[in-house]
Amino acid sequence: MHFHHHGYVSEDPRTQPLAVGMPRDPELPDTMDVLIVGAGPAGMITAAQLSMFPEVHTRIIDRRPHRLEIGQADGIQARSVETFQAFGFANEIIDEAFWLTEMCFWNPDPQNPENIVRTSRAIDDEIGISEFPHLIVNQARVLDYFQRYMAQSPTRMTPNFGWEFLDLEVTEEPDYPVIVQLKNVETGEERQVRAGYVLGADGARSGVRRAIGCSLHGDQANQAWGVMDVLANTDFPDIRTKCAIHSTKGSILHIPREGGHLFRMYVDLGVVGPDDQRKIRSTPIDKIIAKANEIIHPYHIDVKNVAWSSVYEVGHRVTNRFDNLHDDTAQDHTPRVFIAGDACHTHSAKAGQGMNVSMQDGFNLGWKLGHVISGKAPAELLHTYSAERQEIAQNLIDFDKEWSSLMASKPGEHEDPGFVAEWYTRTAEFPAGFMTQYRPSMITANEDYQSLASGFPIGKRFKSEKVARKCDTNFIHLGHHATADGRWRIYVFADQLHPASPESKVQAWSAWMKENENSPLKLYTPSEGDEDATFDLKVIYQQKHPEFELFDAPDIFFPKVGPFGLQHWEKVFGTTPDEDIFDSRGISRDGAVVIVRPDQYVAAVFPLDQPELVAEFFQGVLLPDE
C-alpha cells in the first residue's frame, strides 16, 4: 500500500488526502456532472470509481431509505475479486466469504431411482484461471465496501438515500442538459435536478431505461424456481459444498453461504402454464421447503430459520443499446444517459453472473466518464461503453440460457449422466469472468504485435503474475498494485541486456519518453501534481533482483509524488527464482510494452524499440494537458 507521500499518516492509510473544495454539501444539489440512479452493484462501483475524480461532481441516489441489508446476489466470481483488489478490499472480503473450491453432482441412483447419489465432483478452478478464489458473500457487504471506498476517497462521497427517480428529459443545454424529476420517498416532495450525464443502475424495472425508450428483448421461459436462504439441520453430506442436484422429482442448485451455517437453494418448481398469471410467484415458503425435501430424498433438511426467499421465472433479455443514442443518431452526438446492470440485461441467478457482470458494466463506464468530464479524453470515448458492454451482455444471456436449460433438464435427457458436470468444467472460464475480450476500438489496439506478449491477450483482462520488487525484495503480484484510480498502466518488459547497459532498449525507450515532444508523458501529464498522475509506469527486468541495482533503472520509473516531490521507488521489478513472468506470460526476450486500461483490460502490446507506437495509440485516446 502506497502512502505517507503527503506526510506522515498514523490512522487508516486507506483514507486519502482530502481534495481541495471537498467534501461537498451532503444534501442533493440542483446541478451535478453525473447522477447515478440506483445504489446496487453497478451504481456503487461507478460511484466509487468517480469518487477518485474530485473535479467531477458525482451523486448517487437510491429509493431505499438506507443501505441494503439483505442482498439477493451472493456469488462473487474470481474476476470480481480481482476488481475488489483494485478497490482495496479483496483480502477483507475473502476472509469473511465462503470459498467455492469444488462442486458435486448428484443424480438418481441407478439401483433405486427415487434416491439421489453423488456421481461426480469438479474442482472449481482446475486450470488456474486466477490466483483469486470463487466466493459467496452477501451482496450488501460488497456495497458496504464500495461505500467505504467512496467515503475514504479524495471527494468523501456518500450516497443520497430516499430519492426515487420519476422521469428525465435530454435537452440541448450546453452545461447540464439532462433534466431529472425526483421524489423524496419520506416526504413525497417532488423536485427537479439537472445533470451532465445520468446512469440508470436501477434494476430490471428501470425507470431510466423506460425514459430513454429502451426495452428488453428476449424470451420469458416457463420454468419457475423458488430460492431460499435458510438455516437448517440436515443429513445431506454435501451441505457445505456447492451442488447440482437432479432427481426424478426435480432439480436443485445448492450453494453454501458465508458464516458456516447459512445456505441457499434454488428449487425447481416445474413448468408454468400459459394461464398461470404469475400465481406461481405466491408459492409459500413451506411448499418450497417441502419440494426441496422431495428432490433430495433420501436426505432431509429441517429448516430452522428463513433469512430470505423468493420465487421467479427464468427470463433471458437484453437491450439493444446501453445509452440514449439511437442507431441512426449522428456519431458526433454525445451519449448523455446510460444504463447498466439489470437495467439492460436480465437472466437467471443460477450462473451467479448478475452482480458480477453488472459491476464490470460500472467499472467500464466510470473511468470513461471521469476522463471525459475532467478533460482528459474526448467525448468520443463514451461511445465505447455501449459498444463494448452490449456484446458482453448478449454473451452472458447465451451462456445462461444453456446453463439454465441444463439445470432444469430431467434425468435421462442426456445420454451421458456426467454431461452436466463435463459442461460445467469445460466452460469454467466464462462464469469465472475471464472470457470477456473487447474488440479493437479507440482504446483497444489490434493484434499486430500480440506475439510479443502472448499471455496478455489484447482486449482481455491483465492476468497477474508474481515478480520481485527490487527496492524491498518482496515477491508480489504485478497486477495487484493497479488501484482503481483512473490511471493507465504501462508495463515495460525489458530486453536481455543488463539494466545498467547503455545499449539496453529500456534506456532508449525511456529517453524517448522523457525527451521527445510527442511523448505521452509530456503531452498528457498535468503540469501540476504527481509525475505519475496519468500513467503508472513499471519496468520488469529479466534478471533476478540480486543481479542489478535499483537505480540501474531510468529515472522515469522513479516519479516524484506528493507535495514534497518524493521519489516513488516501487516501480522496478525483476523475476523471481521460481516464477519467470517472461516464460509464464509468453513475453518476448527482446522485450515488449503492455498498456492496460484503467479497468484492468489490456489495451495494446507494442515492441520495446518503437516508443512512437505508444505515442500514436494515446493520440487517439487522450487530450493534451492545457
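Is Gln 600 buried or exposed? The model is a predicted one, in which local features need pLDDT of at least 70, side-chain atom pairs count only at pLDDT 80 or more, and totals for chains, interfaces and linings use all residues. Residues are numbered from 1 along each chain as its sequence is written, and side-chain values use heavy atoms, with hydrogens and water left out.

Gln 600 is buried, with a relative accessible area of 11%. Buried here means under 20% relative accessible area, exposed means over 50%, and partly exposed lies in between, with a 1.4 Å probe and protein chains only. The residue sits in the loop between strand 26 (592-596) and strand 27 (602-606). Helices (H or I, at least four residues) and strands (E, at least two) are DSSP runs, numbered from the N terminus. Gln 600 is not a glycine, yet its phi is positive, at about 80 degrees.

Arg 156 also has a positive phi without being glycine, near 55 degrees. Its place is the loop between helix 4 (139-151) and strand 8 (160-161). Arg 156 is partly exposed, at 24% relative accessible area.

I turn to the domains, whose bounds come from an automatic or database domain assignment. They are domain 1 (31-88 + 137-217 + 317-427), domain 2 (99-132 + 220-315) and domain 3 (450-620). The centres of domain 2 and domain 3, taken over C-alpha atoms, are 47 Å apart. Even so, 5 residues of domain 2 are in contact with 5 residues of domain 3, contact meaning heavy atoms within 4.5 Å.

Next, the cavities. Where does the largest cavity lie? It lies between domain 1 and domain 3, because both give residues to its lining.

The largest nonpolar core has 116 residues. Such a core is a set of buried Ala, Val, Leu, Ile, Met, Phe, Trp, Tyr and Cys residues joined through side-chain atoms within 4.5 Å. Among the residues with the most contacts inside this core are Phe 87, Trp 488 and Phe 618. Domain 1 and domain 3 each supply at least three residues to this core. A second, separate core of 25 residues includes Cys 104, Ile 116, Phe 263 and Met 265.

Finally, two peptide bonds. The bond from Met 22 to Pro 23 is cis, with omega near -5 degrees, and Pro 23 belongs to the segment before strand 1 (31-37). His 297 and Pro 298 are likewise joined by a cis bond, with omega about 20 degrees, and Pro 298 lies in the loop between helix 6 (285-295) and strand 16 (301-318).
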